[in-house]
Amino acid sequence: MAQKNILDNIISLAKRRGFVFQSSEIYGGLNGCWDYGPLGVELLRNIKESWWKHMTYRDNIEGVDAAILMHPRTWEASGHVQQFSDPMIDNKTSKARHRADNLIEDYIERLRKKGKTHEADALEQRLSEAVEPIDYYNIIVDAEIPDPVSGTTDWTDVRNFNLMFKTFIGPLEETSAVVYLRPETAQGIFVNFKNVMESARQKVPFGIAQIGKAFRNEINTKNFLFRTREFEQMEMQYFVKPGTEEQEFDYWREQRWNWFLELGMKPESLKLKPHEKLAHYAKAAVDIEYLFPFGWGEVEGIHSRTNHDLSRHTEFSGKKLEWVDTASGERFVPYVIETSVGASRSFMAFLCNAYDEETVTDENGKAETRTVLRFHPKLAPVSAAIFPLVNKDGMPDVAEALYRDLQKHFKVQYDDKGAVGRRYRRQDEIGTPYCITIDGQSVADQTVTIRERDSMQQIRIEISNVKSYLLERLA
Ligand code: GAP
C-alpha cells in the first residue's frame, strides 16, 4: 500500500479508536494542536513513563518539573529572543504562507519525483553552500519556484518570524510584562542547575531530566503530530567535566538509540544523522531519525553543547553556575550533553512503527484483513482484555472476578459483545497484547486461555497464574 495511504489509515484509526482527536473539533479544529483520547493518553503516558524510568532510575539523574512561564531574561540568555525564528514567505496571489526553507526543500523533492535530477542537485547544492544568513528570496526567485497553491511565482520578501508565543503577566498589555510560553523545556533545567545540584547533593557528572509541554508558533504545521504548535518534550541535560564530553556524548547516543530498540522500534526504520553544520559553541550533534510514511524525520537530538548554556545564564543573571570541589578546590563551568526527544513526535513514530495490516483466515476459513498495532507490551494502551465466551453458565462471574482483580494492577478491558473472533479484531486494532477467554472449562477447572496478539497462539493457564504471567511481560 502507498505510504501516503498508510498515514491516512493510521490517522483514521487514531480518531476512530480514540487515540488522537483534532483540537476543538466541534469548532472546526485548531491548526497544529491535537487532543489525546482515552487510548492515546495511555500510550503517551506509557512512553513518558518508560523514558522517565530509563533516564532517572539511576544514581545521578534527578528530575524537575519547571514552570512553563519563565522570567523573560531566560530567553534573552538562551538566544531565543534574537534567533529563534524561521524565514517566512507569502505568495501574493494565493496569500499562502510558507517556511522559505521548506518551500525549497519540497520543490527539490518534486523535481526528483519528476525525474529532473540535474535541476534538483543544482538547487540542493546551492542551498547547502549558502552561508548564514541564507538569502532564501533569491534562491526561490532564481529557481522560479511556484507556489504549490496558486502555481504563480509572485512572492513577497522573506521575513524572519519568531516562533515563541507571547503572552502577558498581569492585566496590562505592557511590554514590561511580556512573557513567553517556553519553546523548549531545556531552559527550565539550566536555570535550576544550582538548586538541583545543591539540594540533591549531586556531584559532576550528573544529569537533570524533565518532561513537559513546549510551544512553537510553527509557520506550517504538517504531517499529523510531527510538527505541531503545542507538543511535549522529554529532555535531559548531563553536566560533565570539560574533557570528558566526547565519551559522554557517545554513551548517551548509544543509550538513547537502545531505548527506541528496546521498545520495539524496527532497526531498519531508525538511523543516526550527524549534523553537518554545528552551532558555533557546539562540539557534536546527531539526530535519531525515524522513517515515517512521508520520509525520514528527526525524533531526537543529542548535542554536545560545551558550557555555552550555563555561561550565558551566568552572564545574564549574575549568578555563578559552576561546580566547585570543596576538597580539591577545583572549579569549572560544566559542559553539557543534551538528549532531547519529542514525546508527541515519538508517539507518532511508535504508532507508525506498530501499524500493520495482514491477511488472515477467519474461523470460517475466509481470508480477511487484520489491522493490528504491534506495540511493545509495555507501551500498549490496554494490557489485556477479558472475554467470557458466552454470557451464561457461570462464565461472566469468573470473567468479572478476574477482570476486577487484574484492574488493580493493569489497564484492562472487559468485552462480552459479539463473536470472540470479532472481539480479538477489536483488541488487535488497538494493540492489546493479551486476550484472556473464560470458557466452559474455566468454570470447571479454573483455567483460562491467553491469546498472544502477534502470533495469535493460545495457551491455557491457571487463573491464579494470570497476574504473574502479565507482570512478567509488562513490568
Ligand atoms: N532543547 C533542544 C531542542 O528543543 P529541537 O530539535 O528543537 O531541540 C527537540 O527539539 C525535539 O522536540 C525534536 O527532536 C522533536 O522530537 C520535538 N519537536 C520539536 N519541535 C516540534 C514540533 N513543532 N512539534 C512536535 N515535536 C517537536
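## Salt bridges

A salt bridge is counted here when a side-chain nitrogen of Lys or Arg lies within 4 Å of a carboxyl oxygen of Asp or Glu. In this predicted model, the side chains of Asp 106 and Lys 222 form such a pair, at 3.8 Å from N to O. That distance falls within the 4 Å limit, so the pair counts as a salt bridge. Side chains of opposite charge can pair when their charged atoms come close.

By this rule the structure has 41 salt bridges. One of them joins Lys 213 and Glu 230, with 2.8 Å from N to O.

The domain assignment divides the protein into domain 1 (3-68 + 163-351), domain 2 (85-159) and domain 3 (382-474). Taken over C-alpha atoms, the centres of domain 1 and domain 2 are 29 Å apart.

Where these two domains meet, seven residues of domain 1 are in contact with twelve residues of domain 2. About 700 Å² is buried between domain 1 and domain 2, and carbon and sulfur atoms give 42% of that area. On the domain 1 side, Ile 219, Asn 220 and Lys 277 supply 62% of the area buried against domain 2, more than any other three residues. The count of salt bridges between domain 1 and domain 2 is one.

## The second largest pocket

The second largest pocket holds about 760 Å³ of space. Its lining draws on helix H2 (38-56), helix H10 (245-262) and helix H16 (466-474), the elements that give two or more residues each. Helix H2 provides the largest share of this lining, with nine residues. In terms of domains, domain 1 (3-68 + 163-351) and domain 3 (382-474) each contribute at least three residues to the lining of the second largest pocket.

In total, 26 residues line the second largest pocket. Those nearest its centre are Asn 46, Glu 49, Ser 50, Lys 53 and Lys 378. By class, the lining of this pocket consists of eleven nonpolar, six polar and nine charged residues.

## The enclosed cavity

Rolling a probe the size of a water molecule over the atoms shows where empty space is left. A search of the whole structure finds one cavity of 30 Å³ or more. The largest cavity contains about 30 Å³ of space.

The residues that line the largest cavity are Ala 77, Ser 78, Gln 187, His 308, Asp 309, Arg 312 and His 313. Four residues of this lining come from helix H11 (residues 308-317), which gives the largest share. One residue of the lining is nonpolar, four are polar and two are charged.

## Backbone geometry in the loops

Most residues other than glycine have a negative phi, and most peptide bonds are trans. The peptide bond from Glu 132 to Pro 133 is cis, with omega near -10°. Pro 133 sits in the loop between helix H6 (117-129) and helix H7 (136-142). Another cis peptide bond runs from Val 204 to Pro 205, with omega near 5°. Pro 205 is placed in the loop between helix H9 (193-199) and strand S9 (206-215).

Gln 446 has a phi near 55°, which is a positive value in a residue other than glycine. Gln 446 occupies the loop between helix H15 (440-445) and strand S22 (447-452).

How values were computed. Residues numbered from 1 in each chain as written. Predicted model: local features only at pLDDT ≥ 70, side-chain atom pairs only at ≥ 80, totals over all residues. Heavy atoms only, no water. 1 Å grid on protein atoms, 1.4 Å probe; cavity = no way out; pocket = protein on both sides within 12 Å on 5 of 7 lines; lining within 4 Å. Points joined across faces, edges and corners; volume = space filled by probe spheres on them. Nonpolar A, V, L, I, M, F, W, Y, C, P; charged D, E, K, R; others polar. Domains from an automatic or database assignment. Contact = heavy atoms within 4.5 Å. Buried area = accessible area lost by both parts, 1.4 Å probe.
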